[in-house]
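These are my notebook entries on a structure that I went through element by element. I set down what I looked up, in the order in which I looked.

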Amino acid sequence: MQDQSRQTSGGQQPLLELTNVSKHFGGVMALQNVDFTLLPGEIHGLVGENGAGKSTTMKIIAGVHTDFDGTMKIKGREVRLRSARDALANSIGMVHQELSVVPDLTVAENVFLGNQPLTSIGTVDWGRMNREAKQLIASLGLDIDPTTTMGSLPVGLQQLVELSRVLFSGARIIILDEPTSALSPPEVKQLFEVLRRLRAEGRSIVFISHFLDDVLDISARVTVFRNGKKVITEETAKLTKDMVIAHMIGRGSKGMHMGEAAELKGDDAKPVVLSVAGVSDGKNLRDFSIELRAGEITGVYGFMGSGQIELARALFGKAPLRRGSVSLDGKPVRFRSTASARAKGIAFVPENRRMMLFRQEPVYKNVSISILDRIHRMWLKPRTEKRIAEGHIKDLQIRPPRTAIPLGSLSGGNQQKVALAKWLTHLPRVLILSEPTRGMDVGAKEDVIRIVKSLRDKGVAILVLSTEPETILTLADRVTVIRKGTVAREFATGHIEKADLLAAA
Amino acid sequence: MTTGETAAPRSFSMKRFLAEQLRNIAPVFTLVALVVFFTFASSSFLTLDNMLNIVRQLSITGIIAVGLTFVILTAEIDLSVAAVANAVGITVAYFTIQPDYVNIANIPLPGWIAIILALLSALAFGLVTAFGITFIGIPSFIMTLAMMQIANGVSALLVRGQIAYQYPELVTTLGAGTAFSIPLGINAAGKAMFIPIGWAIIVCMIFLFVGHLVLTYTRYGRYIYMVGGNREAAEYSGVNVKFIIGSVMVICAMCSGIAGMLGVAYFGSAQQNQFDTFLLDAIAAVVVGGTSLFGGRGGIGNTIIGLLVLGVVNNGLDHIQIDSFLKILIRGLILLAALIINVYAQVLKEKQADLD
């Protein structure tokens, strides 16, 4: 593989070269013997599933992870970066997926954030700042008034302004993490024009993305990661999307694992409990529709930032919807608060456990908070609460099996079970689970899967949202793929593989 | 090595105990230390008479502090308590017939109507505050600052710089009347001595008791603690967070209003800016007692200790020979120390939670 890349570089000296790089976090091997080269004036695509190692690699290059094995060379000279600032001094800049812009400041202020040009008496030189910001932005082929506030620009332009900040600091190597995930197709086109312009100036770009079409469109070469190892670096011209997916999931190299494929059993005869028609939130959701049926698990798969989080929030009354309708049992509903959603039988476990658990409070209070109004009228009955909690602890095999210890002293998997237990005393009509098994060990994962399936068998309509195809494929009876807030594809019955999900998203 | 292994977990759990209980231990310790100090510093401090005096001085602050405890437990704050107390106290006087020499254009009404109107005005203050915080989304700090000004404005408009002296009979009784007397014995002159216990003390104790019951034993009280402990989690558990926050603001305004009515009777006069010191005293009592400014920890028990610390300091400093201007500074320093402990206790607790 390495030889191949050398060949294609035609003897050109790489701008950046990683040799035999490994990185572990505690006992977990995040990267194993990775080689990576970036040529001058090259746009290099980086793909792989979540946790495959692409972010870790880029954080090493950008000076975020300073402690790793192996060598890193810039223009043939070995370097050891100590910080992100150090990386910038070596002309390496990164634009993160979560933009770090200040929406209330002007475009020019954002470009010069932290290094505003000063006048001789030490005040900010606004004239010079605005002039230079305008030039810089114009050099990207854009026309933006540098005095407008950042927040008033569309996300695509905000991203380009952030990119210009990285350029302003003199970066020759630019790392873009998921740059297209929040962009509409015309914005993607505009970004690509800017990137081609930068390439023509001789700058090199690493383009990390889940959107394989985008990667194949813009990159000259593509590197695929899987399980902390580099699988292949290949010229884009020699690749197809299916080949990239095959490399990403390693098909053919070993037998199918759990979650690699599934037989969907969507049954249209089952009654629709919650029907979502054409909802938009004005930002992340665009005309999204889905139907949840009693006794079925509907999976929603999509990359991070595709709108799943917003969908879950909106259905639980935490975030407002601008357009579209939601109906429960055929009757239109509109939840103004989580309390009203809960009263109508909607239950929600968010992706981040901390969001719904009280770490300092005992386990039983965590379990009972959602059902207090059902078990007590006015006076608390702690004994009843503890009895209910004990029942759940037994059913869900929560360890240690004690009701009075602070929740924070439980392991992550057990905390997740408590989060589920909150909704199990009285069965909800609809259960919304966001990333139900993320970050859990195998045992806890299996327990959660078993619990969720048993709830389905009791007739609960379940919505599972995840960025992990395995989670969707192990749980779902039918699958909707969400892309940039809209339905990209629906699978109701038949055989489905991970590759199908990746290709659809 | 073996001893080290056995010692390690023990010191760990001791640390945990301290981390959890610091906010409860420190105020009690402070109270005991202050009482011991003043007992030695002044012979007139530790007498039954003086102890009851301390409690009497605390009764109005105590009623306000009950409402404020509810508010601070949800990690909000109410800066309008003293101003609302003042406005409601003046309102009840405004609707009562005044002596001829009082030059206020008041509207005399039967006593019970005056009381109901005063209570309604307290409710109105609370509802406006609740609306501003929950529906408009104004931070409670700013919202109640505005309400403080508004309540002061209402007070000013009603009395126009004058002083009112008459209140409905019920208010006068509860604020200034004696419920019963404790016989102390017979003095040298052969006369029986009594210590009067005012109704205000009894009302304050009822408020503290009911507040404690609500916070500890009712569903509503649990919601208050959970909302204060982790507002987001409460919301994701389907708790009506806005209702809880709005309602504690109303409860606090009602407590302040009742304290204000008893207060004007206790003072014997109703005028502007009469309650100014009560704002700091009430907040200090709640916080010195150990109720977390970050919400979710503490309670009426803490507030009682905090009130006593405050009462002992205020009263004790009068018993020792000390520059009266220095007293203000000393009170400030004690409050600062309590705040440091309060925040430190929270930090310790969070660190401990992360270790777990």
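**Entry 1**

I began with β6(A) and strand β7 (residues 173-177) of chain A, which pair in the parallel sense over four bridges. I take strands as DSSP runs of E of at least two residues and helices as runs of H or I of at least four, numbered from the N terminus; two strands pair if DSSP finds at least two bridges between them. The model is predicted, so I noted that local features need pLDDT of at least 70 and side-chain atom pairs pLDDT 80 or more, whereas totals for chains, interfaces and linings use all residues. Residues are numbered from 1 along each chain as its sequence is written, and chains are lettered from A and ligands numbered from 1 in the order in which they are written.

Within this pair, M94(A) stands opposite I175(A) in β7(A). I then asked which residues of β6 (residues 92-95) of chain A are buried on each side. I92(A) and M94(A) are buried on one side, and G93(A) and V95(A) on the other, so that both faces are covered. Here a residue is buried if 20 or more other C-beta atoms lie within 10 Å of its own, exposed if 12 or fewer, and partly exposed in between, with C-beta atoms placed from the backbone.

I placed β6 in an open sheet of six strands of chain A, ordered β6-β7-β8-β3-β9-β10, with mixed pairing. β6 and β10 (229-235) of chain A are its edge strands, each pairing on one side only. From one strand to the next, the twist averages 20 degrees; the axes are lines fitted to C-alpha atoms, for helices over the stretch in contact, and angles run from 0 to 180 degrees between N-to-C directions. Further along, strand β3 (residues 43-47) of chain A runs parallel to strand β9 (residues 221-226) of chain A, joined by four bridges, and G45(A) stands opposite V222(A) in β9(A).

**Entry 2: the four-stranded sheet, chain A**

I next recorded an open, antiparallel sheet in the order β13-β12-β15-β16 (chain A). β13 (288-293) and β16 (331-333) of chain A each have a single partner strand, so one side of each is left without a neighbour in the sheet. Neighbouring strands here are turned by 25 degrees against each other on average, direction ignored. I counted five bridges in the antiparallel pair of β12 (residues 272-280) and β15 (residues 323-328) of chain A; S275(A) has S327(A) as its bridge partner in β15(A).

Entry 3: G185(B) has M193(B) as its bridge partner in β2(B). How many of the nine residues of β1 (residues 178-186) of chain B are buried? The number is zero, so β1(B) lies largely in the open.

**Entry 4: helices of chain B**

I found that helix α4 (residues 111-136) of chain B has 26 residues and reaches 36 Å from its first C-alpha to its last. This is close to the 38 Å expected at 1.5 Å a residue, the expected span being 1.5 Å times one less than the number of residues. Among the buried residues of α4(B) are I115(B), F125(B), A130(B) and I133(B). Their cover includes α3 (81-94), α5 (140-159), α6 (169-176) and α10 (241-267) of chain B. G137(B) follows α4(B) and has a positive phi, near 90 degrees.

F243(B) has its place in α10 of chain B. F243(B) is partly exposed, with 16 other C-beta atoms within 10 Å. F243(B) and A130(B) are 113 residues apart in sequence, and their C-alpha atoms are 8.8 Å apart in space.

I then turned to α7 (residues 199-217) and α12 (residues 300-319) of chain B, which pack at an angle of about 150 degrees with their axes 9 Å apart. α7(B) and α12(B) are therefore roughly antiparallel to each other (angles under 35 degrees count as roughly parallel, over 145 as roughly antiparallel, 65 to 115 as roughly perpendicular and the rest as oblique). L208(B), G211(B), H212(B) and L215(B) in α7(B) meet I300(B), G301(B) and I304(B) in α12(B); two residues are in contact if their C-beta atoms, placed from the backbone, lie within 7 Å. The residues of this contact divide into four nonpolar, three polar and no charged. Ala, Val, Leu, Ile, Met, Phe, Trp, Tyr, Cys and Pro count as nonpolar, Asp, Glu, Lys and Arg as charged, and the others, Gly among them, as polar.

I also looked up I54(B), which lies in helix α2 (residues 48-73) of chain B. I54(B) is partly exposed, with 18 other C-beta atoms within 10 Å. Leaving aside neighbours within four places in sequence, I54(B) is in contact with G311(B), V312(B) and N315(B).

**Entry 5: where the chains meet**

Last, I recorded that 19 residues of chain B are in contact with 27 residues of chain A. On the side of chain B that touches chain A, α8 (219-229), α9 (231-236) and α13 (324-355) of chain B each supply at least two residues. The residues of that side divide into six nonpolar, six polar and seven charged.
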